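Reader: Could we go through this one piece by piece? I'd like to see it before we start.

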Amino acid sequence: MSSNSDVGRMERSLRDRRDEGAKLLVVYVTGGFEGWEAAVETAAAAGADAIEIGIPFSDPVMDGPVIQAASEIALGSGATPASVLAAVPHLDTGIPHAVMTYYNLAHNPGHERFASTLADSGVDAAILPDLPFVESGPWREAAGEAGVETILLAAPTTPDDRLPELCAASSGFVYAVGLLGVTGERSTLASTATEIAKRCKSVTDKPVLTGVGIGSPEQAVEASEVADGVIIGSAVVRQLLDGHGADGVGELVASYRTALDAG
Amino acid sequence: MVMIDPSKEGRFGEFGGRFVPETLIPACEELEAAFRDAWADPAFVEEFHRILTDYGGRPSPLTECYRLSEQLGVRVLLKREDLNHTGSHKINNVIGQALLARRMGKSRLVAETGAGQHGVATATAAALLDMECKVYMGEVDVDRQELNVFRMNLLGAEVEAVSSGSRTLKDAVNEALRDWVATVENTHYCLGSVMGPHPYPWMVRTFHHVIGDEAHEQCLKLVKRVPDVVVACVGGGSNAAGIFSGFADSEARLVGVEPAGGAAVGRGVPGVVHGMASYLMQDEVGQVQEAESISAGLDYPGVGPEHAYLSSVGRAEYPSVTDQEVVEAFQLLCKTEGIIPALESAHALAWVVREAEALRDQVVLLNLSGRGDKDVDQMMEVLGTGDTQ
């Protein structure tokens with residue numbers, strides 16, 4: 001798996017940035033929410049290394065109140081997987097794109113069709129938080145065939161005996177879930193965030209990014225002392241929910257970038 | 001054998017599995033191991049049955065409905081789960097899960113509830129075993145089941161109204177899952193139906209097996225054979241799974257009755273939500289649809305994976321009935337037998353009434369899963385106080 005020909009654009013790009021000495025910053029934006037395309041482009045310009053585009057789902061069990069609210073609003077305004085994916089090829093970012101959504105939206109059209117739709121839309125990777133490693137085999141096979149990487153979540157509760165397998169199966173990067181809980185900012189960084197990142201790093205040389213619960217640039221720096229970088233989502237989406245638009249997102253992402261670069 | 005243990009991966013045929021965030025996978029594995037261990041331990045099984053007997057009121061009787069049978073031309077026998085403590089079959093499952101949670105060293109229970117029956121049962125078990133309890137209930141259901149909310153409070157449980165999504169049962173499940181993701185170290189999710197990730201569908205059916213076992217024995221005693229038909233209502237499908245499990249290997253026809261506005265099996269579209277692959281009401285791209293039924297307890301767009309399996313192999317059938325048919329059946333049982341059924345259970349009777357001609361002279365065993373006291377307010381609104389003749 002380590003030969004470069006097997007590695008997709010997401011992983012290659014993040015490895016390159018890591019090799020340059022950068023701490024990685026992945027930014028989540030809820031697709032279909034008013035102004036999301038501009039927010040994605042601004043985030044890229046402000047220093048994101050990759051973008052996670054949420055395809056809103058009716059029952060987002062891994063998401064906290066902020067992303068839930070944005071998803072409901074996006075669905076209410078008519079967002080569909082097709083409408084979100086149709087916009088992706090037109091995004092001017094120059095960095096890899098992942099989609100983050102829930103498994104039924106891949107199951108409904110069928111693995112092959114969903115994977116090829118992602119690939120055709122210029123999506124490099126997929127994150128399906130309710131498709132855990134143990135159930136992910138058939139999807140990963142179809143996604144791999146289509147050239148789509150599957151980013152798996154490693155949780156603080158994942159046992160040591162499964163972690164190496166899980167990290168080996170993940171492609172793009174390894175998503176280290178920072179705490180026991182759903183997405184959303186927290187006032188302090190959970191101790192679990194460093195522990196899980198450390199455990200992942202000890203069994204894989206793939207990029208390990210910590211997400212869920214990152215609430216400030218300071219926490220991002222703290223988390224990145226062990227991890228290769230962080231994923232921020234709710235803080236970004238809150239800017240959109242509060243009406244600060246792409247400019248608000250740009251300022252927020254820049255503040256994380258600056259902090260991470262300063263270390 | 002039809003209703004056997006699921007595969008190692010928790011599958012009934014192609015249905016079931018464990019589609020939950022990675023965080024919960026170890027908890028599901030731990031639960032499965034604890035359940036296997038407990039169920040093989042005679043002391044655990046004995047305590048479970050002792051509580052169901054001394055506290056829950058089991059065995060529940062089998063009631064022959066003389067007047068109703070004469071009117072329909074069908075011999076109707078009711079399995080009286082409505083007479084259990086807390087007023088429904090739900091107590092079987094919660095006693096089992098609460099004992100298991102205690103055995104696993106968990107001190108807190110979370111649960112989802114639709115009509116409130118499972119919430120009340122969980123709050124009851126938590127009080128009995130001195131555990132903390134939080135129940136998630138959709139805002140819509142909190143409004144239409146005010147009395148059950150107060151009951152849960154009386155029993156010491158905290159009820160949180162869920163305002164996301166369709167604000168009904170499916171959203172309460174989402175919120176309970178979110179709670180569990182964050183609290184898994186000290187909390188057991190006391191899931192209320194034969195749904196969710198493995199081992200829940202299998203474990204919950206096992207705790208309700210007692211319904212089918214008792215009914216089988218009672219039928220042999222009363223009619224000297226198994227009934228021609230075994231019928232039960234299906235939302236998630238726990239009471240149906242319980243009674244079906246006593247007859248799956250017999251000649252009896254198994255019928256699970258869904259509400260017309262929540263006919264997951266009836267529509268037959270496979271999907272994945274709430275930890276399981278099953279049949280799921282969804283739109284053309286896969287967004288989960290909101291179920292709509294007169295009974296909060298059946299307002300669920302999915303169904304337990306074993307029911308999807310039983311349907312796919314042709315062992316059980318899953319017709320649906322309309323709210324109107326349910327209201328008529330509800331009144332019929334009140335008038336002919338002096339039994340006020342839960343609106344959920346009235347779905348099963350509505351099917352018998354509609355099919356009475358085809359069922360003529362047959363013996364039909366109907367699982368009366370709950371009593372209707374909780375629905376009286378709602379029926380007053382539906383019928384009007386002066387229009388019950």
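This is a predicted model: local features need pLDDT of at least 70, side-chain atom pairs count only at pLDDT 80 or more; totals for chains, interfaces and linings use all residues.

Reader: Fine. Which strands does E9(B) pair with in the parallel sense, E15(B) for one, and over how many bridges?

Author: E9(B), residues 229–233 of chain B, runs parallel to strand E10(B), residues 253–259, and five bridges join the two. E9(B) also pairs in the parallel sense with strand E15(B), residues 363–368, over three bridges.

Reader: And which residues stand opposite B:Ala232 and B:Val230?

Author: B:Ala232 has B:Gly256 of E10(B) opposite it, while B:Val230 faces B:Leu365 of E15(B).

Reader: Is E9(B) mostly covered or open?

Author: E9(B) is mostly covered, with five of its five residues buried. B:Val229, B:Val231 and B:Cys233 point one way from the strand, whereas B:Val230 and B:Ala232 point the other way, and all of them are buried. In a regular strand, side chains alternate between the two faces of the sheet.

Reader: What do E9(B), H10(B) and E10(B) make together?

Author: Together with helix H10(B), residues 238–244, the strands E9(B) and E10(B) make a β-α-β unit that is right-handed.

Reader: Switching to chain A: which residues of H10(A) are buried?

Author: In H10(A), which spans residues 217–224, the buried ones are A:Pro217, A:Gln219, A:Ala220, A:Ala223 and A:Ser224.

Reader: Why do those end up on the same side of H10(A)?

Author: Because the arc they cover around the axis is only 155°, they are placed on the same side of H10(A). As background, an α-helix has 3.6 residues a turn, so residues three or four places apart point the same way.

Reader: What do they pack against?

Author: The buried residues of H10(A) pack against helix H9 (191–201), strand E8 (208–211), strand E9 (229–232) and helix H12 (245–262), which belong to chain A.

Reader: Back to chain B: how is it divided into domains?

Author: Domain 1 of chain B takes in 12–51 + 89–200, and domain 2 takes in 57–88 + 209–383. Their C-alpha centres are 22 Å apart, and the contact takes 36 residues from domain 1 and 42 residues from domain 2.

Reader: Which element gives the largest share of the domain 1 side of chain B?

Author: The largest share on that side, five residues, comes from E2(B). The residues of the domain 1 side that touches domain 2 divide into 14 nonpolar, 16 polar and six charged.

Note on methods:
Residues are numbered from 1 along each chain as its sequence is written. Chains are lettered from A and ligands numbered from 1 in the order in which they are written. A residue is buried if 20 or more other C-beta atoms lie within 10 Å of its own, exposed if 12 or fewer, and partly exposed in between; C-beta atoms are placed from the backbone. Helices (H or I, at least four residues) and strands (E, at least two) are DSSP runs, numbered from the N terminus. Two strands pair if DSSP finds at least two bridges between them. A crossover is right-handed if, with the strands pointing away from the viewer, the path from the first strand over the helix to the second runs clockwise. The arc is that of the directions from the helix axis to the C-beta atoms. Two residues are in contact if their C-beta atoms, placed from the backbone, lie within 7 Å. Domain bounds come from an automatic or database domain assignment. Ala, Val, Leu, Ile, Met, Phe, Trp, Tyr, Cys and Pro count as nonpolar, Asp, Glu, Lys and Arg as charged, and the others, Gly among them, as polar.
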